[in-house]
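Biologist: Hi! Could you walk me through this model?
Modeller: Happy to, here it is.

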Amino acid sequence: MTPGVRPLIAGNWKMHGTLREAAALAEGVRAGAAGLAADLLVCPPFVHVQVVAAAMLGQGVAVGAQDCHPAPKGAHTGDVSAPMLRDLGATHVILGHSERRADHAEADATVRAKAAAAAAAGLVPVVCVGETEAQRLAGEAEAVVTAQLAGSLPDGFAGIVAYEPVWAIGTGRTPTEADIAQIHATIRGVLAARFGAAGQAMRVLYGGSMKPGNAAAILALPNVDGGLVGGASLVAADFLAIARAVPAA
Ligand code: PEP
C-alpha cells in the first residue's frame, strides 16, 4: 500500500461470458461492494459494457473496457473508440495488456496513443507493463518495465499502472513478495521522477494469478495499491474475497 492512496481491485473479465452471465456476475459483485477498504472496478468485454455500467450506476463499482482505439472516430473496422466507451458509462479502460501486446502486436507507442485518447475522452487509463519469463530469467525485468513505462505513458499521464509479469498471468504462478515489492518500488521511482507528486500518489496495481489465498500478502506490500485480477474476477465471491483482503488503511 501507499500511504494516503485508496486501493483499487480491478477485474479483467477478458473474452468471457454471455450477456446473461455478465449481468449475473455484475449483480454478484454489486451485492458485496459495500463497506470495503478498496474501490472496485470491473472490465467486461465491449459488448457487455453498457449493461454492466447500467447495473453498477450509483452502486460504487466502476466499469471499464479492456481496450480502445487511439482515434476518437473514423474508418477503423471492428474497433471501438474511447468516446464511445465513455458514452456507454465506462469510466476506465485497460490498455497495453500483455495479451493485446502479444495478440495484436501492440507496441509501447500504440499504448501511449491509446492512453492519451482515453484521457482526452474522460476515461482513466489502466496501463499494463510486465516482463516475460525469459526477460526475468535474464535479469532484465526492471529494465523492461522501466522502458515500457517510458514508452507507454503519455506526458501528463494521470491514470493507473498495473504491473503484470506475463509469466504469472493465468498460470497460478506469482513472483516472490520480495520481487513484487522490488518492481513496484522501481515503478514508483519512475513515476515520481516523471510526474512528481502525482507519481508518488499514482495507483500501482499488481496483476498475475492473484487469488483469495495470496491476496492479503501481496496487497500489504509497499507500493502495491491494489490488484488487477483476471481468472478470479469471474467468480464474484473470489473477487470480493480479494477486495476484503485489502488491509484497512
Ligand atoms: C490479467 O489478465 O490481467 C490477470 C491478472 O489474469 P490472472 O489473474 O488470471 O492471472
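Biologist: What lies 2.8 Å from an oxygen atom of the ligand at glycine 230?
Modeller: A backbone N or O atom of glycine 230 does, and that is a polar contact, meaning a pair of N or O atoms within 3.5 Å. A polar backbone atom of glycine 231 is also 2.8 Å from an oxygen atom of the ligand. From glutamate 164, a polar side-chain atom lies 2.7 Å from a ligand oxygen atom.

Biologist: And how much of the ligand does the protein cover?
Modeller: The protein covers 98% of the 290 Å² of accessible area that the ligand has on its own (Shrake-Rupley method, 1.4 Å probe).

Biologist: Before I go on, where do these values come from?
Modeller: This is a predicted model: local features need pLDDT of at least 70, side-chain atom pairs count only at pLDDT 80 or more, and totals for chains, interfaces and linings use all residues. Residues are numbered from 1 along each chain as its sequence is written, and side-chain values use heavy atoms, with hydrogens and water left out.

Biologist: Nice. How many residues surround the ligand?
Modeller: There are 14, the closest being Lys14, His97, Glu164, Gly170 and Ser209 (a heavy atom within 4 Å counts). That shell divides into 4 nonpolar, 8 polar and 2 charged residues, with Gly counted as polar.

Biologist: New topic: how many disulfides does the structure hold?
Modeller: It holds 0 disulfides (cysteine sulfur pairs within 2.5 Å).

Conventions:
Polar contact = N/O pair within 3.5 Å; in protein donor to acceptor, adjacent residues only side chain to side chain.
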